[in-house]
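Here is a short briefing on one protein chain. Keep the sequence and the 3D view open as you read.

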Amino acid sequence: MGSRALAVLCLVAVSASVLVAPALAVPGDGDDGCEAESAGRDKAQALRLKIIAIFCILAGSAIGAGLPSLGRRFPALRSETDLFLAVKAFAGGVILATGMVHILPAAFEALRSPCLVGGPWRRFPFAGLVAMLAAVATLIVDTVATGYFHRTNAKRAAAVTDEPAHDEPESAPDGHHGHAHGMSVLAAPADGDELVRHRVISQVLELGVVVHSLIIGMSLGASDFPSTVRPLVPALTFHQLFEGIGLGGCIVQAKFRLKSVVAMGLLFSLTTPAGIGVGIAISSVYDESSPTALVVQGLLEAAAAGILVYMALVDILAEDFSKPRVQSRARLQLALNVSLLLGAGLMSLLAVWA
């Protein structure tokens, strides 16, 4: 399932790039007073800063996505420890703030821009509508996929459980081997269902993060203003670092094969640098006030916000905070709440620069 999902994620990322790039390349007509200011434009210096940004953001993304995997070497970071739960709560706060503070306001701003003359965009809150529909769609995908794999695992377990009964006289004359095998299979579905759920969560989360990362990368790459690019380099590096920790924690719990883990980590790490590259390529014809660019960016940002807010609240935070192990220990509850607020607060603070 991991390889197929990665192929779908790559296709979505490429499709988003194809949709956004032409939109960004549409020049404005200049009649509505929406032209970008020319003062402070320095293409050569901005290009140097963007090249630095590619390497800094790539390093931050890779470190963030790889940190949760250190649990294989350091027992304190394994998924069943209290420290891992605290890190995951921090990551949940980061993802929640990303959706609510970074992405959704940008979507509202794009779809309410004065540059959108005519059409329904400024007469109805489409950003909120799209975010809501994206959250509902995520819920549907989450429940349908989990239910499907739950039924598949149950049928598979039932089929395997029935087989030892026919072979019991030959393979296990004393009955012991057949009985033990049957019990182990009966115990498997619960663990298998939880694993499937973690895999669905990690893949849907990566989808939302990849769409957002592609857009912010293209926006940075298309800017020729050093004063705009310079503060974005450290801000987006930390932004991707924190997001990577959240995504990496979900990937670790999904227990994918090493090949799938590396592929998902690379997809996340390379998306923003790739977006910067696309932005650099189209910067000569980029018009951030183009109606087409504003609509496409606003709709994609709103959809990504809905996905991330749902994933943060339902699949990351609510799931861990409702565990009996957490609710029965006041200190652990306090630690998770503090970690959640810290992650949300730090990510919200980055909105000052990015």
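The expected span of a helix is 1.5 Å times one less than its number of residues. The model is predicted. The protein has ten helices and zero strands. Of its 354 residues, 46% count as buried.

**Helix H6**

- H6 covers residues 226-254, which makes 29 residues.
- At 1.5 Å a residue, H6 should span 42 Å, and its end C-alpha atoms are 41 Å apart, so the two values agree.
- H6 also bends, by about 35° at Val233. A proline, Pro234, follows within four residues.
- Is H6 mostly covered or mostly open? H6 is mostly covered, with 22 of its 29 residues buried.
- Just after H6 comes Lys255, which takes a positive phi of about 55°.

- Asp224 sits in the loop between helix H5 (176-221) and H6.
- Asp224 has a relative accessibility of 5%. Buried means under 20%, so Asp224 counts as buried.
- The side chain of Asp224 makes a polar contact with the side chain of Lys50, at 3.5 Å.

- Side chains of opposite charge can pair when their charged atoms come close.
- How many salt bridges are there? The count comes to five.
- Asp82 forms one of them with Arg325, and the closest N and O atoms are 2.7 Å apart.
- Asp82 lies in helix H3 (residues 82-111) and Arg325 in helix H9 (residues 324-327), so this pair ties together parts that are 243 residues apart in sequence.
- Asp82 also forms a salt bridge with Arg329, where the closest N and O atoms are 2.6 Å apart.
- Arg329 lies in the loop between H9 and helix H10 (330-349), and Asp82 in H3, so this pair joins parts 247 residues apart in sequence.
- Together, Asp82, Arg325 and Arg329 are linked in a network of salt bridges.
- How covered are these residues? Asp82 is partly exposed, at 28% relative accessibility. Arg325 is partly exposed too, at 29%. Arg329 is partly exposed, with a relative accessible area of 37%.

**Salt bridges: Asp320 and Lys88**

- Asp320 forms a salt bridge with Lys88, the closest N and O atoms being 3.4 Å apart.
- This pair links distant parts of the chain. Asp320 is in helix H8 (residues 291-321), Lys88 is in helix H3, and they are 232 residues apart.
- Are Asp320 and Lys88 buried or exposed? Both Asp320 and Lys88 are buried.

**A nonpolar surface patch**

- Which residues make the nonpolar surface patch? They are Met132, Leu133, Val136, Ile140 and Val144.
- The patch has an area of about 460 Å².
- Ile140, one of its residues, is found in helix H4 (residues 126-171).
- Ile140 has a relative accessible area of 46%. Exposed means over 50% and buried under 20%, so Ile140 counts as partly exposed.
- An α-helix has 3.6 residues a turn, so residues three or four places apart point the same way.

Conventions
Residues numbered from 1 in each chain as written. Predicted model: local features only at pLDDT ≥ 70, side-chain atom pairs only at ≥ 80, totals over all residues. Heavy atoms only, no water. Helix = DSSP H or I, 4+ residues; strand = E, 2+ residues; numbered from the N terminus. Bend = angle between axes of the 7 residues up to and from the residue. Buried < 20%, exposed > 50% of the residue type's maximum accessible area, 1.4 Å probe, protein only. Salt bridge = Lys/Arg side-chain N within 4 Å of Asp/Glu carboxyl O. Polar contact = N/O pair within 3.5 Å; in protein donor to acceptor, adjacent residues only side chain to side chain. Patch = residues over 30% accessible without salt bridge, like charges linked within 9 Å, V, L, I, M, F, W, Y side chains within 5 Å. Areas by Shrake-Rupley, 256 points an atom, 1.4 Å probe, with all protein chains shown as cover.
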